Structure formats: C-alpha cells, structure tokens
Amino acid sequence: REFTQLMLEEIGKPLHEGLMGDVGPLLAVCKWLEAHGESELKPRRQPGGGVLTLGQKLWISRVPLGHIAIIATWNYPVHLLGVQLVQALFAGNRVTVKPSEQSPRTQALLFQLAIEAGCPTTHLMWTQPTREAGKTLLEQNTFDHVIFTGSTPVGQAIARSLANTLTPSTLECSGRDSALVLEDADPVLAAKSIWNGVEFNGGQTCM
C-alpha cells in the first residue's frame with residue numbers, strides 16, 4: 001500500500017496499476033529467484049564434442065561481474081529498478097543506483113526495505129535523485145557494468161561516455177511500438193486491446 005500510494009503521489013500512477021504493473025511483478029521475480037536462483041547460478045558441466053576434446057572436462061561457472069551502476073527510470077519505479085536490483089544483488093554484485101528525479105521517495109523505499117532485510121550497505125549504495133547525479137556518477141567512478149532505462153538521447157550519451165573504458169552496458173532506450181491488425185481480426189477487440197496498451201501506465205510502457 002505504501003508503494004502504490006507513493007507512486008500515485010509522485011507520478012500519478014493509479015493504485016491498481018501500481019499493484020498490477022509494479023509491485024506484483026517484482027514479487028513474482030523475488031519468488032522465482034527464491035525457488036530457482038541458486039540452481040541457475042550453480043556451476044554446470046558443459047558436454048564435450050569431438051575426438052580433439054577426449055579426456056577433457058569443461059565446466060561453466062558464474063561469478064559476479066563486480067560493481068554495477070543502475071541509472072533508474074521513473075515509469076515503473078518499483079518493478080524495473082526492483083528487478084534489476086534483486087538480480088544484481090542475488091548474483092553477488094555490488095550496486096550503486098542513481099534514482100529517478102521523478103520518483104525519489106518510491107525508490108528510496110526500495111532501498112530502505114533492502115537494508116532492513118539485511119542487504120549490507122557495502123553492496124547497495126545510491127546517489128542523490130537529480131539529473132546531474134547520473135553524469136557525475138559515471139564520470140567519477142569506474143564500473144564493471146552499467147544499466148540504464150530511459151530516453152534514447154541519454155542512452156546514446158551514456159554509451160559514448162562508456163566507450164572510452166570499454167565498459168559493458170545494458171541500455172533499454174525509448175522508442176515507438178507498432179500494432180499489427182490482420183485482416184481476419186475482430187476489429188472491435190483489436191481496437192480495445194490497442195487502446196488498453198496505449199492507456200496503461202499513461203503509454204509509458206516498454207513493450
């Protein structure tokens with residue numbers, strides 16, 4: 001309730017959309033990690049192939065990347081940031097977050113809950129929720145991976161800044177979605193479905 005109320009106050013997200021689009025999906029990811037996360041990260045034997053590898057054993061081991069920077073978005077302030085956080089932390093990484101300037105209190109609650117749940121402050125840090133903080137974060141620190149969700153121009157600027165150090169990144173940038181309606185479709189149902197996609201989350205949805 002506190003999450004959905006904060007999203008309503010900060011970005012105008014209706015309470016039911018905050019529950020269905022943010023809190024619910026994050027809880028589902030947490031439950032999945034609890035059930036399957038450890039087995040996904042365990043070392044596993046890679047089958048060999050061919051006579052040239054006879055007598056050899058190949059194992060794949062997953063290790064933390066190291067220090068991850070997350071430049072958070074506002075349109076799904078709990079869902080998107082929350083999933084990125086729990087996945088990075090579960091895999092043993094340290095994370096520094098630049099919260100969105102449009103949903104700072106909502107995302108501050110995520111950090112508070114993580115610390116209260118036992119996440120050490122050495123593994124979860126965050127900056128001020130200002131537009132300038134993201135640029136400063138990347139200029140004054142070196143990271144092993146950078147995650148950004150937001151506009152294409154900002155994503156391009158981040159990519160340029162990371163090119164000098166060849167820092168890998170995951171950039172989810174904004175764009176336009178297409179809806180294809182085939183000749184045999186029910187036009188009324190198609191129109192309702194497309195309108196629902198346009199209206200959900202005020203159209204600020206990356207799918």
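Modeller: Here is a close look at helix α4 and what it packs against. Keep in mind that this is a predicted model, where local features need pLDDT of at least 70, side-chain atom pairs count only at pLDDT 80 or more, and totals for chains, interfaces and linings use all residues. Residues are numbered from 1 along each chain as its sequence is written, and side-chain values use heavy atoms, with hydrogens and water left out.

α4 covers residues 104-116 and packs on α1, residues 2-11, at about 155°, the axes being 8 Å apart. Helices (H or I, at least four residues) and strands (E, at least two) are DSSP runs, numbered from the N terminus. Axes are lines fitted to C-alpha atoms, for helices over the stretch in contact, and angles run from 0 to 180 degrees between N-to-C directions. The two helices are therefore roughly antiparallel, a label for angles over 145 degrees.

On the α1 side, the residues in contact (heavy atoms within 4.5 Å) include Phe-3, Leu-6 and Met-7, and they meet α4 residues among them Leu-109, Leu-110 and Leu-113. By class, this contact has seven nonpolar, one polar and four charged residues; Ala, Val, Leu, Ile, Met, Phe, Trp, Tyr, Cys and Pro count as nonpolar, Asp, Glu, Lys and Arg as charged, and the others, Gly among them, as polar.

α4 also lies across β4 and β5, at about 155° to β5. Those strands pair in parallel over three bridges (pairing takes at least two DSSP bridges), with Val-97 partnered by Trp-126 in β5. They belong to an open, parallel five-stranded sheet ordered β5-β4-β3-β6-β7.

Note on methods
Parallel < 35°, antiparallel > 145°, perpendicular 65-115°, else oblique.
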